[in-house]
There are 4 protein chains.
Amino acid sequence: MDILENKPLEIRIGQHGLVKIIDCMPRLVNPGETFDHAICQAARTSYGSNDVKPSEKVNRGLIRYLFRHEHGTPFEMVNIKFYLSLPIFIARQIIRTRTASVNEYSMRYKQPKDKFFVPEVNGVRLQSTDNKQGSQEKASFEDASAFILYTEQVASEALKKNEEFEQKGIGREINRINMPLSTFTEWYWEIDFRNLLHFLSLRLDSHTQKETREYAEAMYSLCKPLAPYSFEAFEDFEIGSIRLSKLEIEAIKSRISLLSAKSTERERVEFAEKLKRLGL
Amino acid sequence: MDILENKPLEIRIGQHGLVKIIDCMPRLVNPGETFDHAICQAARTSYGSNDVKPSEKVNRGLIRYLFRHEHGTPFEMVNIKFYLSLPIFIARQIIRTRTASVNEYSMRYKQPKDKFFVPEVNGVRLQSTDNKQGSQEKASFEDASAFILYTEQVASEALKKNEEFEQKGIGREINRINMPLSTFTEWYWEIDFRNLLHFLSLRLDSHTQKETREYAEAMYSLCKPLAPYSFEAFEDFEIGSIRLSKLEIEAIKSRISLLSAKSTERERVEFAEKLKRLGL
Amino acid sequence: MDILENKPLEIRIGQHGLVKIIDCMPRLVNPGETFDHAICQAARTSYGSNDVKPSEKVNRGLIRYLFRHEHGTPFEMVNIKFYLSLPIFIARQIIRTRTASVNEYSMRYKQPKDKFFVPEVNGVRLQSTDNKQGSQEKASFEDASAFILYTEQVASEALKKNEEFEQKGIGREINRINMPLSTFTEWYWEIDFRNLLHFLSLRLDSHTQKETREYAEAMYSLCKPLAPYSFEAFEDFEIGSIRLSKLEIEAIKSRISLLSAKSTERERVEFAEKLKRLGL
Amino acid sequence: MDILENKPLEIRIGQHGLVKIIDCMPRLVNPGETFDHAICQAARTSYGSNDVKPSEKVNRGLIRYLFRHEHGTPFEMVNIKFYLSLPIFIARQIIRTRTASVNEYSMRYKQPKDKFFVPEVNGVRLQSTDNKQGSQEKASFEDASAFILYTEQVASEALKKNEEFEQKGIGREINRINMPLSTFTEWYWEIDFRNLLHFLSLRLDSHTQKETREYAEAMYSLCKPLAPYSFEAFEDFEIGSIRLSKLEIEAIKSRISLLSAKSTERERVEFAEKLKRLGL
C-alpha cells in the first residue's frame with residue numbers, strides 16, 4: 001500500500017499556484033511507517049540499537065528530545081521532492097534556501113506561459129509605517145482595483161510583445177528580460193526534512209511576505225500527516241515557543257518589566273510582547 | 001602595504017553593471033603573498049610541512065598537481081567577497097551557485113532604482129535554430145532597435161507606475177511584482193576559491209548566456225593577478241582541456257573517426273570537433 | 001512491487017564490513033521505474049515537458065547529454081540511504097564527503113563492539129617508493145603475519161582494557177581514547193545521487209586506499225542496476241575517460257610526444273600514459 | 001597596521017593541543033575595523049545603504065536585531081581560518097560540522113608524530129548514571145592513575161611498533177590502523193562566522209565532551225575581541241537564553257509549575273530548571 005499512489009498530495013494556491021509532493025523517502029509503502037520512524041531508526045544508531053522497534057510513546061519521546069536538544073542530523077535521513085508552480089518574485093525568496101535542490105522551467109528554452117500572479121483585492125496591502133515591510137492593512141478598493149488592473153495589463157502586454165519578438169526570431173534569453181516578476185515559473189524542489197523544518201520556521205513567520213508564506217503553509221499541511229510527532233514537536237518547541245534573552249531572564253527574575261539599559265528600544269517592545277504572552 | 005587599499009579592484013559592465021572585489025582572504029598584505037601561497041600552505045598540511053617555504057617552482061608544481069588530481073580542499077582556504085550590480089535575469093542564473101553567500105538589495109524595503117538592463121544593438125541576438133539556446137547571430141538593425149525601444153519603455157513605465165503606487169501607499173513587496181527582469185539589483189557575494197573556479201568553468205563556457213558570461217569574465221580578470229599559478233593551471237587543465245570518453249578513446253586507438261554505435265548522434269558531432277582540435 | 005522489499009540489497013566486505021541500501025528515492029515501487037526516470041523527469045522541467053514519457057532511447061540520450069555537459073542538478077533529485085559497518089580509519093576518509101548526512105554509533109554512549117579490521121596476508125602492502133602512498137606490492141609472508149598478529153593483539157587488548165575500565169566506572173567518552181583506528185563503527189549514510197557519483201569518481205580511483213575503495217565498489221555494484229543509463233554514462237564519460245590538457249592538445253596536434261617546457265616532469269609521465277592508452 | 005601581524009593569536013590546550021588564528025576576512029588592517037563592521041556593511045545592502053557609516057550604537061543595534069531575527073547571511077561575509085592541533089577522538093566530533101573546510105595531516109603520507117592525548121588525573125571522569133554521557137564526577141586517584149598509565153603505554157607502544165613496521169617497509173596507510181584515537185592530528189580549519197557561531201552554540205554546551213569544549217572555548221576567546229557586538233549578542237540571545245516551549249508558556253500563564261500531560265518526564269525536569277533560572 002503506497003500512500004503516494006493513492007492520494008494526489010497537492011494544494012492549489014490562487015489561480016496558478018501549486019504545491020505537490022512528487023516523492024519522498026521513506027516512501028511510506030509499509031503500513032504504520034512515517035517519517036518519524038525513519039528519523040528514530042537513524043537516531044538510534046548512536047546507541048547501536050537502530051533495529052529495535054520501540055513503542056509509539058518511546059518514539060514520540062525521542063523525537064521531542066532530538067528537537068529540544070538540536071540533534072538535527074536524524075531529520076536529514078528523510079527527503080521530500082515537491083513540484084511547485086510559483087511566481088518569480090516568490091521563487092526569488094525561496095531559492096535563498098540553498099540546502100534544497102532545484103530544477104526550473106527556463107525561459108531561455110521555452111516562451112513564458114500565460115500564467116501571472118495577480119493579487120485579489122484583499123491582497124493589495126499597504127506599506128507598513130513602523131517597519132520597513134508590507135503591512136496587514138489593505139489598500140482602498142479603488143487603489144487595489146487600479147493596481148490589479150495595471151498588473152493584468154503589464155502581464156498581457158508582456159506576453160503579447162514576447163510573442164511578437166519571438167516571431168521575429170529574437171533569442172528567448174534576451175526576449176525574456178521584459179517579463180515582469182509576476183510571471184509564473186515551475187520547479188522541482190527537493191529538500192531534506194531537517195532543512196524543510198528550518199525553512200518552515202523562517203517562512204511561516206509573520207515577517208515573511210504573505211504570498212511566500214502561503215507556499216510554506218501548503219508544504220506544512222501536506223507534510224504534517226506524514227510526520228505527526230515531528231510536527232507536534234515543531235509546534236511545541238519552535239513555532240509556538242518563546243526565546244528569552246539573558247537580559248529578559250534577569251528582568252523576570254527581578255520581577256521588573258523593564259529591561260536593563262543595555263537593551264535597545266526595539267528589544268523593550270519585544271519584551272513587552274513576550275511578557276503579555278506569558279501572562280507576567 | 002595592502003593591495004586592496006591601493007587599487008580599486010573593479011570592472012564596469014555596460015551602463016549599470018559592476019563587479020568589484022570588496023575583500024579577500026588572504027588579504028595580500030605581505031609582499032609576494034598570493035592566493036597560491038595560502039593554497040600551498042594548506043595543501044602541505046597533509047605532509048606535515050605547512051611551515052616550509054619552498055621555491056616558486058615547487059609551489060607552481062604543487063598547484064598544478066592539485067588541479068590535475070582534483071584535490072580541491074586547499075582551494076577552499078581562500079575566500080573572495082564581491083560587490084555586484086546586476087540585472088535580475090542574470091542574478092537568477094548566478095544564484096544557482098549555492099555555495100556562495102549573498103546579501104541582496106530588497107525591493108520589499110526600498111523602491112527600485114532607475115537602473116535597467118538595455119541591450120546594445122549588437123546584443124539583440126537571434127534564437128538558435130539547432131539547439132534550444134540563444135545564438136551568436138544578430139537581429140536586423142530594425143528588429144534590434146524595436147526591441148531596445150520596447151525594453152526602455154517597459155522600464156520607464158514600470159518605474160513611473162511603481163512610484164505612482166508608492167505614493168498611494170501600496171506595500172513595496174506587492175508593488176514590485178510588475179517590475180521587469182531587466183531591473184538591476186545589488187549583491188554582496190562571497191565565495192571560496194574552489195567554488196569560484198567551478199563557477200567560472202561553468203559560466204565562462206560558450207553555452208552560458210553572453211550577459212552572464214560577462215560577469216564571469218570580469219571576476220576572472222580581477223582575480224587572475226591574485227592567483228597566477230592557479231589560473232595558469234585552470235586554463236591548462238580546465239578551460240583549454242578536452243575530455244575524451246571511453247568510446248572516443250576506443251575510436252582514436254582504432255584510428256577511425258567514427259564512434260561506436262553505442263554513441264548518440266550528438267556525441268558524434270562533438271567527437272568530430274574534438275578530432276579537429278587535436279589535428280587527428 | 002517494491003524492489004527494496006524483495007531483495008536485501010547488501011554486500012559484505014571482509015569479516016565485519018557491510019554496505020546495505022536501506023532506502024532510496026524514488027523507491028522503485030512502480031514497474032520499469034529507475035533512478036534514470038526520476039532524473040529525466042526533473043531535467044525536462046527546464047523545457048516545461050516533465051510530464052512527457054519519452055522512449056527509453058530518448059531517456060538514455062538525455063542522461064548522456066546531462067553527463068557530458070555537467071548538468072548535475074537533476075541527479076540531485078535521487079537520494080540513497082545506506083547502512084555501513086566500517087572501521088574508523090576508513091570512516092575518517094569517507095566523512096570528508098561533506099554533502100552526505102551521517103548518524104554514527106557513538107562510543108560515548110556504548111562500549112565498542114568486538115569488531116576490528118584485521119588485514120589478510122595479501123592486504124599487508126608495502127609503502128610505495130615513488131609516491132607517498134601505499135603500493136600494490138605485498139609484504140613478505142613473515143612481515144605480513146607479524147603485522148596481522150600485532151593488529152589482533154592490539155584489538156583484543158584494547159577491548160579487554162576498555163571493559164576493565166568500564167567496570168571501574170570510567171566514562172566511555174574517556175575510555176574510548178585508547179581504542180585503535182581499526183575499531184569498527186556503524187553509520188547511516190544518506191547522499192544524493194549527484195554527490196554519490198562524485199564520491200565514486202574519487203573513491204573508485206586507483207589513488208584511493210584499497211580498503212576505502214572496496215566500500216565505493218560495493219556502493220557502485222548495489223546502485224548500478226537501479227540507474228543503468230546513468231552508470232553507463234558514468235563509465236563512458238567519467239571513469240573510462242581521459243582529460244587532455246591544453247599543453248597535451250598542442251603536443252598531439254604537433255604530432256610530438258613531448259610536452260612543452262611549461263609542463264612539469266610528472267605531467268610528462270602522465271602524458272606518456274595517456275598517449276599509450278590512445279595508441280598514439 | 002595589521003592586527004594579525006602583531007599578535008600571535010593562539011591558545012595552547014594541554015601538552016600538545018593548539019588553536020591558532022591563521023587568517024581572517026576582514027583582515028582588520030584598517031583602524032577601528034572589526035568583524036561587526038563587515039557584517040553591518042553586508043546587512044545594509046538590503047536597504048541599499050551599505051556605504052553608509054553609522055554610529056557604533058546603530059551598528060550594535062543592527063547586530064542585535066540580526067541575531068534576534070535569525071538573519072544569518074550577513075555573518076557569512078566573515079571568514080576565519082584556524083590551525084588546530086588536536087587528538088583524533090576530538091577531530092572526529094568537530095568534523096561533523098560540515099560547513100567548515102579542512103586540510104588534515106595524513107598518516108598515509110607521514111608517520112604519526114610523538115603526540116598523544118593523555119588526560120590529567122582530574123580529567124578521568126566517571127560515566128554518568130542518569131544519562132548516557134560522561135559526568136563531572138572524577139574517578140578515584142587510583143583508577144585515574146591506572147588509566148593514565150595505560151594510555152601512556154598504549155601510545156608509546158603504538159609509536160614504537162609503528163616505527164618497527166615502517167622499517168620493514170609496511171605501507172603507512174596500513175600501518176596506521178593500530179594507532180589509538182588519542183593520537184594527535186593537525187588541521188587547517190576554515191569556517192564562516194555564521195557557522196562558527198552555530199558550532200560554538202553546540203560545542204560550548206555542557207552536553208559536549210569537556211575535551212572538545214575546550215577547543216570551542218579557545219576559538220571563542222580568540223575571536224571575541226574581533227567581533228565585540230556579535231559576541232555580546234551571542235551571549236545575550238544564544239548562550240544565556242532560555243527557550244520556552246508552547247506547553248511551558250501555557251503553564252507559566254496558568255501560574256502552575258506543572259506541564260500538561262502531553263509533556264514527557266524529561267521535559268518536566270527541564271521545565272523545573274527553567275523556572276528556577278527565571279525565579280518563578
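# Exercises on a predicted four-chain contact pattern

In this predicted model, 38 residues of chain A are in contact with 38 residues of chain B.

**Exercise 1.** Find which elements of chain A give two or more residues to the side that touches chain B, and which gives the most.

Solution. Step one: list the elements. On chain A they are β5 (125–127), β6 (134–138), α5 (141–167) and α6 (172–175). Step two: pick out the main contributor. That is α5(A), with seven residues. Step three: sort the residues on this side of chain A by class. There are 18 nonpolar, 10 polar and 10 charged residues.

**Exercise 2.** Describe the side of chain C that touches chain D, by element and by class.

Solution. Begin with the count: 38 residues of chain C and 38 residues of chain D take part in the contact. Next come the elements of chain C that give two or more residues, namely β5 (125–127), β6 (134–138), α5 (141–167) and α6 (172–175). Of these, α5(C) gives the most, with seven residues. Finally, the classes: the side of chain C that touches chain D holds 18 nonpolar, 10 polar and 10 charged residues.

**Exercise 3.** Identify the residues with the most contacts inside the largest nonpolar core, then list the contacts of Ile39(A) beyond its sequence neighbours.

Solution. The largest nonpolar core has 272 residues. Inside this core, the residues with the most contacts are Ile39(A), Ile39(B), Ile39(C) and Ile39(D). Now take Ile39(A) and set aside its neighbours within four places in sequence. What remains in contact with Ile39(A) is Ile63(A), Pro74(A), Phe75(A), Met77(A), Val78(A) and Ser230(A). As background, nonpolar side chains tend to be buried together in soluble globular proteins.

**Exercise 4.** State the confidence scores of the model and of chain A.

Solution. For the model, the scores are ipTM 0.94 and pTM 0.96. For chain A, the mean pLDDT is 93, and 95% of the residues of chain A reach 70 or more.

Key: Residues numbered from 1 in each chain as written. Chains lettered and ligands numbered in written order. Predicted model: local features only at pLDDT ≥ 70, side-chain atom pairs only at ≥ 80, totals over all residues. Contact = placed C-beta atoms within 7 Å. Helix = DSSP H or I, 4+ residues; strand = E, 2+ residues; numbered from the N terminus. Nonpolar A, V, L, I, M, F, W, Y, C, P; charged D, E, K, R; others polar. Core = buried A, V, L, I, M, F, W, Y, C linked by C-beta atoms within 7 Å. Buried ≥ 20, exposed ≤ 12 C-beta atoms within 10 Å, placed from the backbone. pLDDT = per-residue confidence, 0-100.
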